[in-house]
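Here is a friendly walk through one protein model. Have the sequence and the structure open as you read.

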Amino acid sequence: MDHFEIRDGVLHAEQVSLETLAAAVGTPFYCYSAATMTRHFEVFRAAVAGLGNGDPLVAFAIKANPNLSVVATLARLGAGADVVSGGELSRALAAGVPAERIVFSGVGKQPHELAAGIEAGILQFNVESEAEIAMLAEVAAARQRPVELAIRVNPAVNPGTHAKISTGGKDSKFGIPFERAGAAFMLAAGQEWLRPVGLAAHIGSQLTDLGPIEDCIGRLGGLAQELRGAGHPVTRIDVGGGLGVPYRRDQPAPPEPHVYAAMVARATRGWDCRLMFEPGRMIVGNAGVLVSTVILVKQGASKTFVVADAGMNDLLRPSLYNAWHDIQALRPRDERITATVVGPVCETGDTFADDREMEAVAAGDRIAFLTAGAYGATMASTYNSRPLVPEVMVNGASWAVVSARNEPAAMQALDTVAPWLEPQPGATATV
Ligand code: LLP
């Protein structure tokens, strides 16, 4: 469910017309609905409340949408954060996520990032290799601070999603292979300043089949039992994120949070552990759209091209994963066309939709790419020297620009002209 709907013939975010926003901030821009992300977070939290012992931690995966206002909205509702870099850690803290609700995942954490997490006093590190155990032991020892961690296990299950967003397969770079995970836990337990307290896994994203997640949880449970048998306390299990969202209105929706939660309840019955979740897409995916203006409509040899002012640099998912985003005219007409929707970037891959049946649009009309709140703005680049686009958050009848457009001068500000290219006094410039 989301709060983007046509009212009086125009697509609105909650009570604000996207045409009004487009006139105020220019296109392209991302628009987020605070009510939608709030609802998704609350539905998820209510679904998992009461699972495991103690209060489950719902740690929003910052990577899905790190905008400070997005993270602050969720932090105020009680969300924790799953971070994968020093930059994400800093954003989570800046947005008001309490350190004791932050989990630090990632396959290539560096000593300075581990140190930042320890100094902030985060809840736990999800450790992904024996080498990282050694690195964390050293960083913790240098600070003489006890550090809690979970071993991220690679459960070797196929999550049945796009290959580029699968993370739980046997040969994926993530986690410690299942067969070595118990030994890794014991290795950590033998380090003076390390306190292994749990197990973690995350098998992939946009999951629509709960079977592989259930298999994965079953494997974690078996390992936890073994470790407990050997005298190690296993008090936390982090089952990761990954629940899919509906990208297409014309296709069946992925399992709802209560169905997912019922599976987790079944798979973890009697475990006596605190459970942790790391949803990203599920919370913010349908809470954001990318609004764009049609620059022109162009007739190719056999295709009709709708050329939008948004490009693959603004929303990379179609180009990188062949992902589908519904496209909605801001002022829908009663006429339909079949068109290939492309951006202005000089790449054939700059294609949002190929031969898509959609509402008729003409030059100057505005369109919205739906379900763009997760892995949208955060994966944008300035390719073709295109500025990063603004992000706007709507809350009821109010709205605010929550990330400004990155103008060309600001983009160039980090470049410098090498000294030998500077014009010499009295000489004629050659560049
Ligand atoms: N936890 C960990 C350790 C993760 O690696 C991820 C996502 C999540 C949680 C959150 O997963 P979610 O609930 O959002 O599915 N850029 C891709 C998605 C990459 C996901 C990477 N990891 C896309 O646009 O589809």
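This is a predicted model: local features need pLDDT of at least 70, side-chain atom pairs count only at pLDDT 80 or more; totals for chains, interfaces and linings use all residues.

## Terms and starting point

Helices and strands here are DSSP runs, numbered from the N terminus, with at least four residues (H or I) for a helix and at least two (E) for a strand.

Asn 384 is not a glycine, but its phi is positive, near 65 degrees. Its relative accessibility is 33%, so Asn 384 counts as partly exposed.

Ser 385 sits in the loop between strand 19 and strand 20. Phi of Ser 385 is near 50 degrees, again a positive value in a residue other than glycine. Ser 385 is exposed, at 61% relative accessible area.

## Two domains

The chain splits into domain 1, made of 4-31 + 285-413, and domain 2, which covers 34-283. Taken over C-alpha atoms, the centres of domain 1 and domain 2 are 32 Å apart.

How do the domains meet? On the domain 1 side, 23 residues are in contact with 24 residues of domain 2. About 2,100 Å² is buried between domain 1 and domain 2, and carbon and sulfur atoms give 52% of that area.

## Salt bridges

Side chains of opposite charge can pair when their charged atoms come close. How many salt bridges does the structure hold? The count is 17.

One of them joins Lys 63 and Asp 82, with 3.6 Å between the closest N and O atoms. Lys 63 is in the loop between strand 5 (57-61) and helix 3 (68-76), while Asp 82 belongs to strand 6 (residues 80-83), so the pair ties together parts 19 residues apart in sequence. Lys 63 is partly exposed at 30% relative accessible area, whereas Asp 82 is buried at 2%.

Another salt bridge brings Arg 152 and Glu 128 together at 2.9 Å, N to O. This pair links distant parts of the chain, 24 residues apart: Arg 152 is in strand 9 (residues 147-154), and Glu 128 is in the loop between strand 8 (124-127) and helix 6 (130-143). Arg 152 is buried, with a relative accessible area of 8%, and Glu 128 is buried too, at 2%.

Glu 357 and Arg 336 also form a salt bridge, their closest N and O atoms being 2.4 Å apart. Glu 357 lies in strand 18 (residues 351-359) and Arg 336 in strand 17 (residues 336-342), so parts 21 residues apart in sequence are tied together. Arg 336 counts as exposed, at 51% relative accessibility. Elsewhere, a network of salt bridges links Glu 19, Arg 331 and Arg 366.

## A buried alanine and a cis proline

Is Ala 99 buried or exposed? Its relative accessibility is 13%, under the 20% limit, so Ala 99 counts as buried. Ala 99 is found in the loop between helix 4 (86-94) and strand 7 (102-104). Its contacts beyond four places in sequence include Leu 93, Ala 120 and Ile 122. Ala 99 and Ile 122 are 23 residues apart in sequence, yet their C-alpha atoms are 4.5 Å apart.

Pro 28 is worth a look as well. Thr 27 and Pro 28 are joined by a cis peptide bond, with omega about -5 degrees. Pro 28 is in the loop between helix 1 (18-25) and strand 4 (29-33).

## A nonpolar surface patch

Val 417, Trp 420 and Leu 421 form a nonpolar patch on the surface, with about 360 Å² of accessible area together. Trp 420 belongs to the segment after helix 12 (408-412), and Trp 420 is exposed, with a relative accessible area of 69%.

How values were computed: Residues are numbered from 1 along each chain as its sequence is written. Side-chain values use heavy atoms; hydrogens and water are left out. Patches are made of residues with over 30% relative accessible area and no salt bridge: like charges are joined within 9 Å, nonpolar side chains (Val, Leu, Ile, Met, Phe, Trp, Tyr) within 5 Å. Accessible areas come from the Shrake-Rupley method with a 1.4 Å probe; for residues, only the protein chains shown count as cover. A salt bridge is a side-chain nitrogen of Lys or Arg within 4 Å of a carboxyl oxygen of Asp or Glu. Buried means under 20% relative accessible area, exposed over 50%, partly exposed in between (1.4 Å probe, protein chains only). Domain bounds come from an automatic or database domain assignment. Contact means heavy atoms within 4.5 Å. Buried area is the accessible area (1.4 Å probe) that two parts lose on being put together, summed over both.
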